[in-house]
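Please look over the sequence and the three-dimensional structure shown below before reading on.

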Amino acid sequence: MNSKLDDYSQRHRNQLNLLVHIAVVPLFVIGLVGGVVALAIGQFAFFGVGVSLVVYSLLMQRWGHAQEVISPEPFQGLIDFLGRILTEQFVTFPRFVLTGRWRANFQASNR
């Protein structure tokens, strides 16, 4: 299996964190994409809504990660933060869900 996905799976085992992620990662994606589109077409109120969704999602994910036994690696700066956040929201988390690992971790957390 992919070692990056294995590492991700190890850091996403807490039931509350899994529920938080399944609920708010889509909000991040909607907020970011919607915010960029709104900015491009000059709809600044909708841009604000998009930014709010992104911030809310990140704060909730931070809270969810605080529930985990194994914490995420600390960010090494702004570039690391942006790269890791965007990769998690658009690539790693969707793969985590689509490969069945989210469900497996959720079921294991109920035992």
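Predicted model: local features only at pLDDT ≥ 70, side-chain atom pairs only at ≥ 80, totals over all residues.

**A glycine and its surroundings**

Gly-31 lies in helix α2.

**Gly-31**

- Gly-31 has a relative accessibility of 3%, and because buried means under 20% relative accessible area, Gly-31 counts as buried.
- When the neighbours within four places in sequence are left aside, Gly-31 is in contact with Gly-50, Leu-53 and Val-54.
- Phe-81 stands 50 residues away from Gly-31 along the chain, and the C-alpha atoms of these two residues are separated by 18 Å.

**The chain as a whole**

- The protein chain has five helices and zero strands, so that, as DSSP runs numbered from the N terminus, its elements follow the order α-α-α-α-α.
- The C-alpha trace of the protein chain spans about 50 × 30 × 25 Å along its principal axes.
- The protein chain has 111 residues, and 29% of them count as buried.
- Among the contacts in the protein chain with a separation of 6 or more, 75% are accounted for by residues 24 or more positions apart.
- The accessible surface of the protein chain is about 6,900 Å², and carbon and sulfur atoms hold 68% of that surface.

**The largest nonpolar core**

- Eight residues make up the largest nonpolar core, namely Leu-5, Tyr-8, Leu-18, Val-25, Phe-93, Phe-96, Trp-102 and Phe-106.
- At least two residues of this core are supplied by each of the helices α1, α2 (15-40), α4 and α5 (101-109).
- Tyr-8, which belongs to this core, is in contact with His-21, Glu-88, Thr-92, Phe-93 and Phe-96 once its neighbours within four places in sequence are left aside.

**The largest pocket**

- The largest pocket has a volume of about 640 Å³, and 23 residues line this pocket.
- His-65, Pro-72, Phe-75, Arg-84 and Glu-88 are the lining residues that lie nearest the centre of the largest pocket.
- The elements that give two or more residues to this lining are α1 (3-10), α3 (44-65) and α4 (78-98), and the largest share, seven residues, comes from α4.
- Sorted by class, the lining of the largest pocket has nine nonpolar, seven polar and seven charged residues.

Methods:
Residues numbered from 1 in each chain as written. Heavy atoms only, no water. 1 Å grid on protein atoms, 1.4 Å probe; cavity = no way out; pocket = protein on both sides within 12 Å on 5 of 7 lines; lining within 4 Å. Points joined across faces, edges and corners; volume = space filled by probe spheres on them. Helix = DSSP H or I, 4+ residues; strand = E, 2+ residues; numbered from the N terminus. Nonpolar A, V, L, I, M, F, W, Y, C, P; charged D, E, K, R; others polar. Buried < 20%, exposed > 50% of the residue type's maximum accessible area, 1.4 Å probe, protein only. Contact = heavy atoms within 4.5 Å. Areas by Shrake-Rupley, 256 points an atom, 1.4 Å probe, with all protein chains shown as cover. Core = buried A, V, L, I, M, F, W, Y, C linked by side-chain atoms within 4.5 Å.
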